[in-house]
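Here are my notes on the model you sent. Please read them with the structure open.

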Amino acid sequence: MFLQSAPPQGSTSNAEAMKQMGFGDLIHNFDALGWIVFITLVVMSFASWYFIIANAIRNAMVRSRAEKVIANFWSTTSTQEAIRELEAQPKGEPFSKIALDAASAVAHHQQAAAAATSGRLAESLSRSEFIDRALRQAVARESLRLEGGMTLLATVGSSAPFIGLLGTVWGIYHALIKISASGNASMEAVAGPVGEALIMTAFGLFVAIPAVLAYNFFNRSNRMTYAQFDEFAHDLHDFFATGSRVEGVAPTQK
């Protein structure tokens, strides 16, 4: 019978060293900069996930209500009824706010034109120009609200990998200093500290990837909503300025 030879002592030590690499060991060996990098990545992760969830809920609500709000506005029989319908919408619904701003601009222009001292307003801005300016401001305001959190997501997606890489480089630097001071360059001495430092790069990618994917998704979703804003604002301008929508756009009245 042949006796199975025992594995070399060095290979056993190497295997044990590889098993000891972990996130817990990395945190245990953190210095001041390591903690700063780690806390920064944790804050970035929580902030990006907050805006991912908040934007997902907000965009879903806006997209689900958009067609209904627009259809209800054009199906009303009078401007007063349409305004009441718009005022009943939730506070964060953008299409109703754009239409209400246009209606408010019309009312303000009419009141100013009817006043005794209205000559300056009537001369400086016509009814159409006054409505157009109000609609532009409303669309810009609601578009800006949809941008909430996008800058943070872009910042996290672009900077988190480099912050994690900074933690890795700093960790490897300190690991090499310790190895040099101890004079032990075996796998057991090298694998643990270096492997633990590499985890910071993986953590940075873990933080960055969801932020990048979310940014691209919300950016495309917002562009579609902006197009709806512009189309609705164009129809509102024609309606309040001339009393009717663009020919061929309005729904068929039964």
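**Notes on a predicted model**

1. Start with T225. With a relative accessible area of 3%, T225 is buried, because the cut-off for buried is under 20%. Bear in mind that this is a predicted model.

2. Where does T225 sit? T225 is found in helix 9, which covers residues 187-242. What does T225 touch, once residues up to four places away in sequence are set aside? The partners are V62, R63 and L146.

3. Now the overall fold. The protein chain has nine helices and zero strands. Read from the N terminus, the order of elements is α-α-α-α-α-α-α-α-α.

4. How much of the chain is buried? Of its 254 residues, 37% count as buried. The accessible surface of the protein chain is about 15,300 Å². Carbon and sulfur atoms hold 63% of that surface.

5. Contacts reach across the sequence. Take the contacts in the protein chain with a separation of 6 or more: 80% of them join residues 24 or more positions apart.

6. The largest nonpolar core has 26 residues. Which of them touch the most other members? They are F73, F95, F232, L236 and F240. Two or more residues each come from helix 3, helix 4 (79-87), helix 5 (94-114), helix 7 (127-146) and helix 9. Helix 5 gives the largest share of this core, seven residues.

7. Look at F232 in particular. Leaving out neighbours within four places in sequence, F232 is in contact with I70, F73, W74, F95 and A99. Two of these partners, F73 and F95, are also named with F232 among the core members that touch the most others.

8. A further core lies apart from the largest one. This other core has 17 residues, among them I52, I163, A211 and F218.

9. Which residues make the nonpolar surface patch of about 390 Å²? W49, I53, I57 and M61 make it.

10. M61 lies in helix 3, residues 32-75. Is M61 buried, partly exposed or exposed? M61 counts as partly exposed, because its relative accessibility is 36% and that class lies between the cut-offs of 20% and 50%.

Conventions: Residues numbered from 1 in each chain as written. Predicted model: local features only at pLDDT ≥ 70, side-chain atom pairs only at ≥ 80, totals over all residues. Heavy atoms only, no water. Patch = residues over 30% accessible without salt bridge, like charges linked within 9 Å, V, L, I, M, F, W, Y side chains within 5 Å. Areas by Shrake-Rupley, 256 points an atom, 1.4 Å probe, with all protein chains shown as cover. Salt bridge = Lys/Arg side-chain N within 4 Å of Asp/Glu carboxyl O. Helix = DSSP H or I, 4+ residues; strand = E, 2+ residues; numbered from the N terminus. Buried < 20%, exposed > 50% of the residue type's maximum accessible area, 1.4 Å probe, protein only. Contact = heavy atoms within 4.5 Å. Core = buried A, V, L, I, M, F, W, Y, C linked by side-chain atoms within 4.5 Å.
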